[in-house]
Amino acid sequence: MRKIIRIISIVFCMAAVLLISVFSLPGCKKDVPKELNVYVWEGYLPESAVKMFEEETGLKLNITFATDNSMMLTLLKGGGSADIIMPTQNQVNRFYADGLALPLDLKKIPNYEKVAASFKEQPWAKWDGKNMGSGDTYAIPYVFGTSGLVINTEKYTGSLDGIGWEVLFDPGLKGRVSSKNAPESLMLCLDVLGIPRENLITDTQNTLEAARPKVLELRDNLLKFYDTGAEILDLLKNEEVWVSHIWDGGGRKMEKFDRKFIYLLPETGGLGWTDTYMIPANSENPAGAHMFINFMLKPEVAGMLTAESGYTTTVN
């Protein structure tokens with residue numbers, strides 16, 4: 001009997017040693033990242049949403065505010081890493097072409113069904129390795145809107161009827177106007193010149209040469225090209241700038257701040273845009289990144305963003 005008990009004891013000890021050795025093998029135990037590095041546009045991630053996400057998931061968000069698309073592209077091309085980025089729709093192809101984006105597993109983003117159908121069908125959201133419009137989904141459209149003009153009607157006394165981008169070139173407003181340090185400033189110059197925007201793609205070099213004098217004229221009439229949304233809001237509130245190109249969210253903020261401000265689309269044509277969620281190919285926490293996108297697509301979270309920033313999301 002003692003012999004049997006001894007044999008059983010030996011077997012149990014051997015099993016315990018085997019289990020310990022298996023779980024100690026390299027590759028069998030994997031550390032799960034507890035943080036998520038996100039690059040988002042200013043105003044797109046309310047503090048209340050950050051707190052809610054961290055409490056729900058146990059993941060800490062390390063947040064960097066992007067100032068332009070080039071910042072995110074340069075980061076990744078230079079070997080830097082991130083788990084979430086937010087390129088604008090007219091820039092996503094640059095991330096695709098350089099192999100910097102990860103195809104999304106939509107099964108892990110069930111709230112994707114809440115995105116308006118018209119945005120899901122945008123060709124730039126998909127990439128097949130060579131062309132946009134087919135293949136896997138790489139980008140989730142999230143925030144969309146327009147960019148136009150914000151005007152201090154107490155300082156600018158001209159007529160608003162039929163007003164266009166030309167107001168930014170008015171010598172009488174020299175040093176009192178501003179525009180974003182971004183491709184939009186080039187686009188509005190093309191509008192003033194009557195050059196189709198698509199010429200930037202079909203005839204890039206000639207289009208840039210044709211626009212150059214107008215861009216320089218704009219630069220010389222501005223107080224400055226501003227870099228961030230917070231910067232232009234301060235310039236407007238302090239009345240250093242009276243008229244500016246601005247995104248609609250910022251324009252609506254100024255209208256709420258003081259009724260003397262008005263946001264409108266220029267007669268010469270406003271600009272439309274859509275900012276997207278994308279997971280970089282070198283993400284260290286793609287599982288957490290999918291969780292983050294799914295969280296941000298919750299209607300109540302999208303509502304927080306709209307209430308705080310004035311921007312409109314694609315979430316129904």
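**View 1. Glu56 is partly exposed, with 47% relative accessibility.** Partly exposed means between the cut-offs for buried (under 20% relative accessible area) and exposed (over 50%), using a 1.4 Å probe and protein chains only. This is a predicted model: local features need pLDDT of at least 70, side-chain atom pairs count only at pLDDT 80 or more, and totals for chains, interfaces and linings use all residues. Residues are numbered from 1 along each chain as its sequence is written, and side-chain values use heavy atoms, with hydrogens and water left out.

**View 2. Glu56 pairs with Lys298 in a salt bridge.** A salt bridge is a side-chain nitrogen of Lys or Arg within 4 Å of a carboxyl oxygen of Asp or Glu. Here the closest N and O atoms are 3.1 Å apart. Glu56 sits in helix α2 (residues 47-57) and Lys298 in the loop between α11 (286-296) and α12 (299-309), so the pair ties together parts 242 residues apart in sequence. Helices (H or I, at least four residues) and strands (E, at least two) are DSSP runs, numbered from the N terminus.

**View 3. Glu239 forms a salt bridge with Lys155.** The closest N and O atoms are 3.8 Å apart. Glu239 lies in the loop between α9 (229-237) and β8 (243-247). Lys155 lies in the loop between β5 (140-152) and β6 (177-180), 84 residues away in the chain. Glu239 is partly exposed at 21%, and Lys155 is partly exposed at 35%.

**View 4. Glu231 forms a salt bridge with Lys224.** Their closest N and O atoms are 2.3 Å apart. Glu231 is buried at 19% relative accessible area. Lys224 is partly exposed at 33%.
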